[in-house]
Amino acid sequence: MFGSLFKNFRTPLVLIVTLVMFIYGSIAGNNYQDTLSSYKENVTGLTMMENDVDTALPQTAVYDIIYDHLTGSLPEGKTVKKAIVIGYDGCRLDTFTLFDDAHESAINTLLDDGGEAYVAYCGGANYHTLNTQFTSTAPGWCTMLTGEWATVHGVINNGIPKSNKHLTLLTTGVQDGVIGSSAFYVSWDGHFVDSDGTYINELQYVKDNGLNVTFLDAGDDDGTRANVLADLAKEDCSDFIFSIFEYTDHTGHDTGFSINNPDYVQAFYDAEQTGCEIISAIKSRPTYETEDWLILITSDHGGYNTGHGMCTMQERMIFIVTNKAPVLPDGGFGSMC
Ligand SMILES: [Zn+2]
C-alpha cells in the first residue's frame with residue numbers, strides 16, 4: 001500500500017525535495033568554492049565541445065547514438081558492428097578542464113580518432129531548474145539504456161525495479177537480432193544484485209528467454225575492468241558492452257565532487273587510465289580492422305558537495321564523447337537553462 005501511495009506522489013515529491021535542497025544549498029554554501037559562476041565559466045571555456053550548456057543534448061541521446069550505429073550500414077571493409085559504453089559514474093562536465101600532458105586521456109584519444117564531444121543533461125524532461133527524475137545513478141544509466149526518461153521507464157530514483165515493459169537495448173538488441181550478444185559490467189549492487197535493483201526483472205527475463213545477455217557484478221572497479229578486458233580478449237567478444245566505473249562517484253561521496261578536490265581529480269585520471277586500457281584492448285583485437293566500433297564515454301550525473309540527486313547545474317550537466325561523429329537524434333539539442 002505504501003508503495004502505491006509513494007508512486008502516486010513521487011513526482012511532486014521530487015519537485016518539493018529538489019526545491020528544498022536548492023534553497024538549502026544556496027544558504028549553506030559549499031566546499032571547494034564550487035560556485036555556479038565559476039562552474040559556468042569553466043564549462044563555457046571547453047573548446048573541444050560541439051555545443052554548450054544552452055544547447056545540451058538530453059541524456060536519452062546516448063541510446064539513439066548507439067542504436068543508430070548498430071542498425072546503420074557497414075562501411076566498406078567492415079563485417080560486423082560493435083559498440084561499447086565506458087561509463088564514468090558521477091563524473092562532472094568540468095573535469096574536462098583537467099586534461100594535461102602528464103595523464104593519458106581516453107576522452108582525448110576518441111577525439112583524436114575523429115570523434116566528437118557534446119554537453120548533455122540528466123535529471124529528466126526539461127523543466128529548467130526543476131527536474132522530473134533524481135540526478136541519481138539508476139535513473140541516469142536507465143535513461144541511456146532505454147532511451148526514455150523516467151516518466152516512461154519509471155525508474156525515478158535508485159531502488160526501483162524497472163518493469164519489463166521497457167527493456168534495455170542490451171536485451172532488445174539481442175532479442176530483435178540487431179546484435180548477437182551483449183554484456184553489462186558493473187560493480188554497484190543497486191543495478192541487479194540487490195533485491196530492489198533496477199534490472200532484477202530484466203535479468204530474470206533474459207534468463208527465462210535464454211537470451212545471450214551477460215549481467216556481471218564485479219564488486220569493484222578493478223573487477224569491472226578485468227571483466228571488460230576478458231570479454232574483449234575473446235575472439236567473439238560481445239557485440240555491445242555497457243560498462244560502468246565508480247572511481248569519481250565513490251570519491252565524490254567520500255570527499256567531494258569538485259575539480260578543486262585533489263582526490264576527485266585523481267579519481268578522474270584513474271577512470272581515464274582505465275578508459276585508455278579498454279580502448280587499447282579494442283584496437284589490439286586481431287579482427288579490429290574488420291570491426292565497426294562505436295566507443296562512447298559518458299556519465300550518469302555530476303555532483304555537488306558530497307552528493308547528487310538534485311537540480312544544481314553541477315549535478316545535471318554531463319557529457320557524451322564518441323570516437324566518430326554521431327548522428328544526433330531527431331529534435332537535436334535541448335534547451336537546459
Ligand atoms: Zn551514479
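Modeller: Of the 337 residues in the protein chain, 54% count as buried, where buried means under 20% relative accessible area, exposed over 50% and partly exposed in between, with a 1.4 Å probe and protein chains only. The model is predicted, so local features need pLDDT of at least 70 and side-chain atom pairs count only at pLDDT 80 or more, while totals for chains, interfaces and linings use all residues. Residues are numbered from 1 along each chain as its sequence is written, and side-chain values use heavy atoms, with hydrogens and water left out.

The secondary structure of the chain comes to 12 helices and eight strands; these are DSSP runs numbered from the N terminus, helices being H or I with at least four residues and strands E with at least two. Of the contacts with a separation of 6 or more, 77% join residues 24 or more positions apart, a contact being heavy atoms within 4.5 Å.

Now the helix pair. Helix α9 (residues 221–232) packs against helix α11 (residues 262–283) at an angle of about 10°, and their axes are 9 Å apart. Axes are lines fitted to C-alpha atoms, for helices over the stretch in contact, and angles run from 0 to 180 degrees between N-to-C directions. The angle makes α9 roughly parallel to α11, since that class takes angles under 35 degrees, with over 145 roughly antiparallel, 65 to 115 roughly perpendicular and the rest oblique. On the α9 side, Arg225, Val228, Leu229 and Leu232 meet Thr274, Glu277, Ile278, Ala281 and Ile282 of α11. The residues of this contact divide into six nonpolar, one polar and two charged. Here Ala, Val, Leu, Ile, Met, Phe, Trp, Tyr, Cys and Pro count as nonpolar, Asp, Glu, Lys and Arg as charged, and the others, Gly among them, as polar.

Next, the buried residues. Phenylalanine 215 lies in strand β5 (residues 213–217) and is buried at 12% relative accessibility. Leaving aside neighbours within four places in sequence, phenylalanine 215 touches Phe184, Phe192, Tyr199, Glu202, Leu203 and Val206. Its C-alpha atom is separated by 10.0 Å from that of glutamate 202, 13 residues away along the chain.

Threonine 95 sits in the loop between β2 (80–88) and α4 (106–112) and is buried, at 0% relative accessibility. With neighbours within four places in sequence set aside, threonine 95 is in contact with Ile259, Tyr264 and Phe268.
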